[in-house]
Amino acid sequence: MDYARLVELYLKYPDRTDFAPERIGDSAIMLYSGAAGLAKARHLLFVTGENLEVEEADNQRIFAVLEALESSRSDEFQGDIQDIEGADDILAASYDDAPIIRLVNSTVIKAVKSGASDIHFEGLTGRFAVRFRIDGKLATIREFPKSLQESVIARIKVMSDLDVAETRKSQDGRINLRIGSRDVDIRVSTVPSVTGEKAVLRILEKSKTMVTLEKTGMPEYMLPDFRKAIKRPNGIILVTGPTGSGKTTTLYSALSEMISDDTNIMTIEDPVEYHMEKITQVQVNRNVDITFASAVRAFLRQDPDVILIGEIRDKETASAAVQAALTGHLVLSTLHTNNAPTAVARMLDMDVEPFLLSSALVTVIGQRLVRKLCPHCKKPVQTEQYVYDFFEPAGRLPEITYEPVGCDECMHTGFTGRIGVFEMVNVTDGIRRLINSKADASEIAAEAFKSGYRPFVYHGYELVGSGATCAGEIVAVIGAK
């Protein structure tokens with residue numbers, strides 16, 4: 001059978017993640033995974049009247065075939081624009097006659113394949129754009145006619161069980177997908193704007209490999225102190241930073257070192273980003289009153305040793321975390337602050353009593369993410385004076401540092417992947433006295449410096465000096481010394 005014809009028939013199936021045709025010369029072989037995949041493959045061959053070879057394959061191989069098929073069809077929508085514009089009622093459309101469905105599906109698959117963390121579907125003046133956030137930076141992937149905007153946003157709403165008819169207010173939803181061997185959880189947010197509704201999809205890949213503490217980029221001189229902190233029987237360990245700075249990844253890297261048969265670890269998250277064995281993981285569900293604070297109170301009746309709280313964002317959660325720490329449990333959580341020393345002020349702003357906080361708080365980590373220079377194309381440059389001045393507190397940089405260029409390996413961005421920039425405050429007796437007196441962040445930072453605290457610029461200095469990243473990245477993410 002002609003391979004192109006078989007692919008054409010195969011693509012008519014709305015759920016094609018567990019079987020696929022693979023090319024052998026000009027012909028094809030049907031791959032399948034599990035009983036469901038075998039049934040679909042045999043059905044397709046039955047309706048086509050063909051007698052092709054059928055072979056069992058693992059999910060990774062099928063996913064690779066699916067990615068190749070979708071990539072080869074990346075220009076399909078350019079030629080099918082008239083068909084897409086005619087698919088106004090996508091609720092009534094089938095997979096055969098709704099190219100909008102294929103557009104959304106292929107966009108999600110491409111985003112997962114590219115390692116994007118977010119997909120932005122947004123209206124512009126006279127056009128409609130799709131942008132991916134890769135390594136923390138947005139890039140426009142494709143632009144379409146403005147007439148597609150309503151249909152695409154409506155399709156996304158259908159997938160995430162949102163109200164398609166409601167276009168005047170923001171909505172939040174969720175999509176759970178299995179793409180090949182990958183379990184993907186997508187958080188959907190829509191907002192009305194003057195250029196039409198905008199949808200942002202946050203991609204969380206549940207099956208992604210857990211990183212170790214070393215792989216997070218935490219400097220070697222911090223690792224012993226951090227490992228000592230997570231071996232304590234009680235107290236609070238906080239990781240601070242803006243949204244998307246890798247805080248949860250760092251905490252789970254710590255949990256991976258704490259898992260054992262004699263330790264009861266419980267987490268409450270929104271959503272659960274990593275799935276791990278031997279850990280009880282609970283997801284926030286406000287519809288049934290499962291919040292961060294209520295879950296922590298319930299955990300205390302479950303004989304926990306370690307509790308991970310996805311985020312401390314209000315007085316009730318902060319109070320529950322402190323009480324758990326003071327009653328003999330180790331609590332790990334995240335907090336949104338600009339740096340580690342300001343975490344104390346943030347907790348006090350949430351009406352935590354200073355004497356309770358000073359007794360419970362053990363360690364605060366500050367974290368940012370910077371893009372790593374592409375090793376294939378980075379170029380050496382003469383270090384400029386403003387770079388010397390910026391990193392002066394940490395030391396003098398080499399005369400030669402590196403800057404991004406761009407090549408095929410890094411999609412012409414000059415960067416591949418990201419690495420953490422860290423700072424750490426270990427709470428000493430001096431810092432406890434300052435907390436009790438409600439001292440400001442600058443006083444806490446000065447006291448912490450005496451016992452080994454070094455701000456972001458010190459770790460940034462190491463990364464720039466080693467050629468892992470460029471000075472511009474460090475300046476962009478930490479802003480000031």
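Buried, in this talk, means under 20% relative accessible area. Keep that cut-off in mind. The model is a predicted one.

Let me start with the cysteines. C407 has a relative accessible area of 16%, so C407 counts as buried. C374 is buried too, with a relative accessible area of 0%. Now, how many disulfides does the structure hold? The count is 0. C374 is in no disulfide. The nearest cysteine sulfur to C374 belongs to C377, at 3.8 Å. What about C407, and which cysteine sulfur is closest to the sulfur there? That one is also in C377, 3.7 Å away. A disulfide needs the two sulfur atoms within 2.5 Å. At 3.7 Å, the sulfur of C407 is therefore too far from that of C377 for a bond.

Next, the overall picture. The protein chain has 19 helices and 18 strands. Its length is 481 residues, and buried residues make up 49% of them. Take the contacts with a separation of 6 or more. Residues 24 or more positions apart account for 62% of those.

Why call α11 largely enclosed by the rest of the structure? Because 6 of its 8 residues are buried. They are F292, A293, S294, A295, V296 and F299.

Is T291 buried or partly exposed? At 22% relative accessibility, T291 counts as partly exposed. Leave aside the neighbours within four places in sequence. T291 is then in contact with I268, V284 and R286. There is also a C-alpha distance to note. T291 and E269 are 22 residues apart along the chain, and their C-alpha atoms are separated by 8.9 Å.

On to another loop. H329 lies between α12 and β14, the strand at 330–335. H329 has 10% relative accessibility, so H329 counts as buried. Which residues does H329 contact, beyond four places in sequence? The list is P233, N234, G235, L300, P304, D305 and A324. Look at G235 in particular. G235 and H329 are 94 residues apart along the chain. Their C-alpha atoms are separated by 6.6 Å.

Last topic: a pair of helices. These are α18, residues 456–466, and α19, residues 471–478. Their axes come within 9 Å. They cross at roughly 160°. Angles over 145 degrees count as roughly antiparallel. So α18 and α19 are roughly antiparallel to each other. What is the handedness of the crossing? α18 passes α19 in a right-handed crossing.

Which residues meet there? From α18 come F456, V457, G460, L463 and V464. From α19 come A471, I474 and I478. By type, the contact residues divide into 7 nonpolar, 1 polar and no charged. An α-helix has 3.6 residues a turn, so residues three or four places apart point the same way.

To recap. The cysteines form 0 disulfides. α11 is largely enclosed by the rest of the structure. H329 is buried, whereas T291 is partly exposed. And α18 and α19 are roughly antiparallel.

Conventions: Residues numbered from 1 in each chain as written. Predicted model: local features only at pLDDT ≥ 70, side-chain atom pairs only at ≥ 80, totals over all residues. Heavy atoms only, no water. Axes fitted to C-alpha atoms, helices over the stretch in contact; angles between N-to-C directions. Helix = DSSP H or I, 4+ residues; strand = E, 2+ residues; numbered from the N terminus. Parallel < 35°, antiparallel > 145°, perpendicular 65-115°, else oblique. Left-handed = near helix turned anticlockwise from the far one by under 90°. Contact = heavy atoms within 4.5 Å. Nonpolar A, V, L, I, M, F, W, Y, C, P; charged D, E, K, R; others polar. Buried < 20%, exposed > 50% of the residue type's maximum accessible area, 1.4 Å probe, protein only.
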